[in-house]
Amino acid sequence: MAIQHIVFDVGNVLFSYVPSKIVDTLVPNSPLKSFYLTHLFDTPLWLELDRGDIGIKEAIEILRPYPNTRDYPLYEGELTHLIQSFCTVLDVIRPTKDLFDLFSHTKSTFILSNFQADPFDRLLSLHPFLSQASGMVVSAKIRSVKPESAIYQHLFDTYQLDPATCLFIDDRHENIVAGEKLGMKGLVYSTDQQLTHDLSALGLCP
C-alpha cells in the first residue's frame with residue numbers, strides 16, 4: 001500500500017536535543033550542571049514528565065533529598081527553569097525541517113512525540129512551521145509514551161489513519177519497532193544522508 005502520511009518525531013529528528021547544551025545555556029554558572037545531566041535528562045524521571053505522570057513540583061521533591069541539591073538555594077529555581085525552558089534552546093535540524101515542509105504540501109504530515117505538554121505548546125509558538133502538520137500526538141497530553149502501543153493507536157484512531165499508509169521517522173530503534181508491530185513502516189533517523197537514501201529507496205525522496 002502506498003505511503004500517504006509521514007509521521008515525524010520531534011527530538012533529534014526535527015530539533016536537536018542535546019542535554020549538555022541545554023544545561024550550559026540555561027544554567028551556565030550552576031554547580032549542579034553535572035547533577036542535572038545525570039539525574040534529570042534522559043532518565044526515568046524525564047520519561048515520567050513526558051508521560052504527564054508528574055509535574056515540576058513533583059520532580060523537584062523527588063530530587064531534593066540528593067546531597068547535591070539539599071543545601072543549594074538556587075536548586076528549585078534552576079530545575080524549574082530547565083524543565084520549563086529547555087524547548088527554547090532546541091535547534092531546528094534544517095534538512096529534516098525542509099522535508100517536513102515539503103511533505104506537508106505533497107502528503108499529510110503528523111507529529112508523534114514524547115514531550116511535556118506546556119513545553120511543547122511553547123515550542124509550537126516559537127516554531128510555527130510545526131502547525132503545518134495535519135495532526136499532533138504529544139505524550140503528556142494523552143498520558144502514554146513511545147514505545148507503548150497506546151500512543152501509536154491514539155494517532156491511528158484520532159486521525160483515522162491506516163497504519164499501512166504511514167511512514168514513521170524517529171531516532172530510536174525501539175520506537176520504530178513498536179510502530180512496525182502495529183503495521184506502520186518506519187525509518188530510524190541517524191544522519192541526513194542516511195535518511196535521504198532510505199527515503200529514496202521507498203520512492204519518497206524529492
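A residue counts as buried here when its relative accessible area is under 20%, as exposed when that area is over 50%, and as partly exposed in between (1.4 Å probe, protein chains only). The model is predicted, so to speak of local features takes a pLDDT of at least 70 and side-chain atom pairs count only at pLDDT 80 or more, while totals for chains, interfaces and linings use all residues. Residue numbers start from 1 along each chain as its sequence is written, and side-chain values use heavy atoms, with hydrogens and water left out.

Overall dimensions come next. Along its principal axes, the C-alpha trace spans about 60 × 30 × 25 Å. Of the 206 residues, 49% are buried. The chain exposes about 9500 Å², with carbon and sulfur atoms supplying 53% of that area (Shrake-Rupley method, 1.4 Å probe; for residues, only the protein chains shown count as cover). Taking contact as heavy atoms within 4.5 Å, 68% of the contacts between residues at least 6 apart in sequence join residues at least 24 apart.

The chain holds 12 helices and 7 strands, both being DSSP runs numbered from the N terminus (helices H or I, at least four residues; strands E, at least two). E6 is joined to strand E7 (residues 185-188) by 4 bridges, and the two run parallel; strands pair if DSSP finds at least two bridges between them. Within this pairing, Phe168 sits opposite Gly186 and Asp170 opposite Val188. E6 also pairs with E1, again in the parallel sense and over 4 bridges, with Phe8 facing Ile169 across that pairing.

How much of E6 is covered? Mostly, as 5 of its 5 residues are buried. Cys166, Phe168 and Asp170 point one way, Leu167 and Ile169 the other. In a regular strand the side chains alternate between the two faces of the sheet. Cys166 is down at a relative accessible area of 0% and therefore counts as buried, and Cys87 gets that label at 0% too. A search of the whole structure turns up 0 disulfides (cysteine sulfur pairs within 2.5 Å).

E6, helix H11 (residues 173-181) and E7 together form a right-handed β-α-β unit: with the strands pointing away from the viewer, the path from the first strand over the helix to the second runs clockwise. Gln194, in helix H12 (residues 192-201), touches Val188 and Tyr189, leaving aside residues up to four places away in sequence.

At the other end of the numbering, Ala2 lies in the segment before strand E1 (5-8) and is exposed at 53% relative accessibility. Ala2 and Leu167 are 165 residues apart in sequence, yet their C-alpha atoms are 9.9 Å apart in space. Residues up to four places away aside, Ala2 touches Ala164 and Thr165.

Helix H3 (residues 44-51) has Leu45, Trp46, Leu49, Asp50 and Arg51 buried. Their cover includes helices H2 (33-39), H4 (56-63), H6 (75-85) and H9 (139-142). Just after H3, Gly52 takes a positive phi of about 85°.
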